[in-house]
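I opened the file to look up one stretch of the chain and what surrounds it. My notes follow in the order I made them.

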Amino acid sequence: MAGAGMRDCGEDERPPGLAELLIRERPALLRLVQRILGGDHAAEDVVQAVWLKLRNVGDASAIDNPRAYLFKLAANLATDWGRERTRRSQLLAEHYLWGPDEALSAEEQAMAQDELQRVLAAAGRLPEPTRTIFRLNRLQGLTQAEIARRLGVSVTTVENHVRAALQRLAHARAGR
């Protein structure tokens with residue numbers, strides 16, 4: 001039955017070529033996804049998502065280069081995963097910066113917007129590598145040790161940059 005077109009809906013619907021390729025290329029896919037996500041432990045979840053996506057591929061024989069397709073799919077899913085993680089981190093950061101939603105007066109809302117704009121502007125003006133380190137730590141959730149390894153610096157250097165970033169943002173929030 002190998003080489004047959006689309007099969008009937010059922011549990012064994014996934015194209016056997018892609019599934020076998022995924023199993024064979026799994027270690028390389030994990031390394032690719034870990035590089036994209038910065039060594040994140042979510043790489044296993046992303047590769048699992050690749051598996052689930054492959055189950056929806058109807059006719060694998062129509063794919064010219066299954067290996068390239070598999071790696072592109074993994075890279076796209078890892079990028080999406082990273083974006084979603086960043087978005088969630090930003091929402092959490094805003095929540096922690098500004099506290100839970102309350103019924104604010106128009107004046108309080110304007111003041112809060114002003115504080116937010118000052119903090120965001122200050123974050124945008126952080127010097128490198130402080131900005132990158134702060135983003136990796138506070139928005140992407142990497143530990144200081146992970147950042148140190150990734151950037152080839154000491155954990156103390158990472159701590160100092162995070163501390164400097166937090167001080168600058170606190171000053172900006174206070175309007176100093």
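The model is a predicted one, and I read every value below as computed from it.

I then asked which residues of helix 5 are buried. I listed Thr130, Thr132, Ile133, Phe134, Leu136, Asn137 and Leu139. That makes seven of the ten residues of helix 5, so I noted this helix as largely enclosed by the rest of the structure.

**Whole protein**

I stepped back for context. I found seven helices and zero strands in the protein, and from the N terminus the order of elements reads α-α-α-α-α-α-α. The protein has 176 residues, of which 32% count as buried. I also looked up the accessible surface, which comes to about 11300 Å², with 52% of it belonging to carbon and sulfur atoms. For contacts with a separation of 6 or more, I noted that 65% are between residues 24 or more positions apart.

**Gln140**

I returned to the end of helix 5. Gln140 sits in the loop between helix 5 (130-139) and helix 6 (144-151). Is Gln140 buried or exposed? Its relative accessibility is 16%, and the cut-off for buried is under 20%, so I put Gln140 down as buried.

Leaving out residues up to four places away in sequence, I recorded Arg85, Thr86, Ser89, Arg135 and Arg150 as the residues that Gln140 touches.

**Leu142**

Leu142 is also placed in the loop between helix 5 and helix 6. I read a relative accessibility of 3% for Leu142, which therefore counts as buried.

What does Leu142 touch, not counting residues up to four places away in sequence? I wrote down Leu37, Gly38, Leu136, Asn137, Ile147 and Arg150. Two of these names, Leu136 and Asn137, were already in my list of buried residues of helix 5. Arg150 was in my notes as well, as a contact of Gln140.

Leu142 and Gly39 are 103 residues apart in sequence, and their C-alpha atoms are 8.5 Å apart in space.

Methods
Residues numbered from 1 in each chain as written. Predicted model: local features only at pLDDT ≥ 70, side-chain atom pairs only at ≥ 80, totals over all residues. Heavy atoms only, no water. Helix = DSSP H or I, 4+ residues; strand = E, 2+ residues; numbered from the N terminus. Buried < 20%, exposed > 50% of the residue type's maximum accessible area, 1.4 Å probe, protein only. Contact = heavy atoms within 4.5 Å. Areas by Shrake-Rupley, 256 points an atom, 1.4 Å probe, with all protein chains shown as cover.
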